[in-house]
Amino acid sequence: MIQFVANYDDLSTDKGFQFKFHCDKCRNGYMSRFQPNAIGIAGSFIQAASSLFGGLGGAESAAYHIQRAVGGKAHDEALEKAVAEGKQQFKQCTRCGHWVCPDACWNHSAGLCEDCAPDEQEELRAQQSQAAKEQIYTKTRAQDYTQNLDFLNRGALLQCPNCQAKLTADQKFCASCGTPNPAAKVQERHCTSCGDKLKPEQKFCANCGAKN
C-alpha cells in the first residue's frame with residue numbers, strides 16, 4: 001500500500017518525475033524534488049519518432065511509446081520516493097485520516113487536525129467575528145436611511161435647457177447662464193391690503209383696489 005496519494009498532482013514529463021502534494025484542509029502544497037527519468041527514455045522516443053513517420057496508425061503508436069516513457073515501473077518507483085519525501089511535510093489525523101500541514105491546520109495540543117479538534121482561541125475569535133458581522137447586518141437594516149429622500153420626486157433635480165446645468169424646481173433662472181427655468185414653481189401672490197389672491201400680471205387688487 002502506498003499512502004498519502006489521495007490528494008496530489010502528477011507533474012511528470014518525459015524528462016522526469018515530480019509530484020505536488022496538497023493539505024486536505026487548506027490546500028497548501030509541497031512539491032517533491034525532481035527525479036530524472038533515465039530508464040528507457042531514449043529508446044521509447046526513438047520508437048515514438050519512428051512510429052510518427054511510419055504511415056497509417058503511426059500517431060497512435062507514438063502516443064503509446066511516449067506514455068511508456070512517462071509511466072511504468074520507473075514512474076511507480078518515483079511516486080513511492082516522492083510519497084516518502086512528502087509525508088515528512090504533513091501530519092495525518094488519526095480521527096479522520098486526513099493529511100494536513102502542521103503550520104496552519106494541525107492542533108498540536110490535541111494531536112488532531114483542526115477540523116476534528118479546532119483551536120479554542122481561533123474558534124472563539126472566528127465566532128465573535130461572525131456574530132459581529134451578523135449584528136452589523138441586522139442593525140444596519142433596522143436603521144432608516146431613506147427618511148429624507150423625496151420618493152414623490154417633488155424636489156427632483158432638473159437640467160437647464162440651454163447649458164444642462166442642474167436646477168431645482170424652485171429656481172426661476174439658471175445660475176450658470178440665466179436661462180429661465182420652464183419648470184420653476186410660480187409663487188402665489190396675495191393683496192397686501194386684503195389678502196385676496198392675485199394673478200401674476202395684476203398690479204391692482206380686484207377686490208379692494210389696492211396697488212400691489
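What follows is a working chat about a predicted model of one protein.

Colleague: How many helices and strands does the protein have?

Modeller: Four helices and 13 strands. Keep in mind that this is a predicted model.

Colleague: And what share of the residues counts as buried?

Modeller: Of the 212 residues, 27% are buried. The accessible surface is about 15100 Å². Carbon and sulfur atoms hold 52% of that surface.

Colleague: Let's get to the core. Which residues have the most contacts inside the largest nonpolar core?

Modeller: Phe-19, Phe-21 and Phe-90. That core has 21 residues. At least two residues each come from β3 (19–22), α3, β7 (99–100) and β9 (112–113). The largest share is from α3, with five residues.

Colleague: What does Phe-19 touch, leaving aside its neighbours within four places in sequence?

Modeller: Its partners include Tyr-8, Leu-11, Tyr-30, Met-31 and Ser-32.

Colleague: Then α3 next. Which of its residues are buried?

Modeller: Ala-74, His-75, Ala-78, Leu-79, Ala-82, Val-83, Glu-85 and Gly-86.

Colleague: How far apart are the end C-alpha atoms of α3?

Modeller: They are 20 Å apart. Helix α3 covers residues 73–86, so 14 residues at 1.5 Å a residue should span 20 Å, which agrees.

Colleague: And α4? What span should its 23 residues have?

Modeller: 33 Å, and the end C-alpha atoms are 33 Å apart, so that agrees as well. Helix α4 runs over residues 120–142.

Colleague: Which residue caps the N-terminal end of α4?

Modeller: Asp-119. One of its side-chain oxygens lies 3.1 Å from the backbone nitrogen of Gln-121.

Colleague: Switching to charges. How many salt bridges does the structure hold?

Modeller: Two. In one, Arg-33 pairs with Glu-85, with the closest N and O atoms 3.5 Å apart. Arg-33 sits in the loop between β4 and β5 and Glu-85 in helix α3, so the pair ties together parts 52 residues apart in sequence.

Colleague: Is Arg-33 buried or exposed? And Glu-85, buried or exposed?

Modeller: Arg-33 is exposed, at 61% relative accessible area. Glu-85 is buried, at 13%, because the cut-off for buried is under 20%.

Colleague: Which residues form the salt bridge with a 2.2 Å N to O distance?

Modeller: Lys-73 and Glu-77, through their side chains. They are four residues apart in helix α3, so about one helical turn separates them. An α-helix has 3.6 residues a turn, so residues three or four places apart point the same way.

Colleague: How accessible are Lys-73 and Glu-77?

Modeller: Lys-73 is exposed, at 62%. Glu-77 is partly exposed, with 34% relative accessible area.

Colleague: Last one. Where is Ser-32?

Modeller: In the loop between β4 (29–31) and β5 (35–36).

Colleague: What does Ser-32 touch, not counting residues up to four places away in sequence?

Modeller: Gln-18, Phe-19, Phe-21, Ala-82 and Glu-85. Ser-32 and Gln-18 are 14 residues apart along the chain, and their C-alpha atoms are separated by 5.9 Å.

Technical notes:
Residues are numbered from 1 along each chain as its sequence is written. This is a predicted model: local features need pLDDT of at least 70, side-chain atom pairs count only at pLDDT 80 or more; totals for chains, interfaces and linings use all residues. Side-chain values use heavy atoms; hydrogens and water are left out. The expected span of a helix is 1.5 Å times one less than its number of residues. Buried means under 20% relative accessible area, exposed over 50%, partly exposed in between (1.4 Å probe, protein chains only). Accessible areas come from the Shrake-Rupley method with a 1.4 Å probe; for residues, only the protein chains shown count as cover. A polar contact is a pair of N or O atoms within 3.5 Å; within protein, one must be able to donate a hydrogen and the other to accept it, and residues adjacent in sequence count only if both atoms are side-chain atoms. Contact means heavy atoms within 4.5 Å. A nonpolar core is a set of buried Ala, Val, Leu, Ile, Met, Phe, Trp, Tyr and Cys residues joined through side-chain atoms within 4.5 Å. A salt bridge is a side-chain nitrogen of Lys or Arg within 4 Å of a carboxyl oxygen of Asp or Glu.
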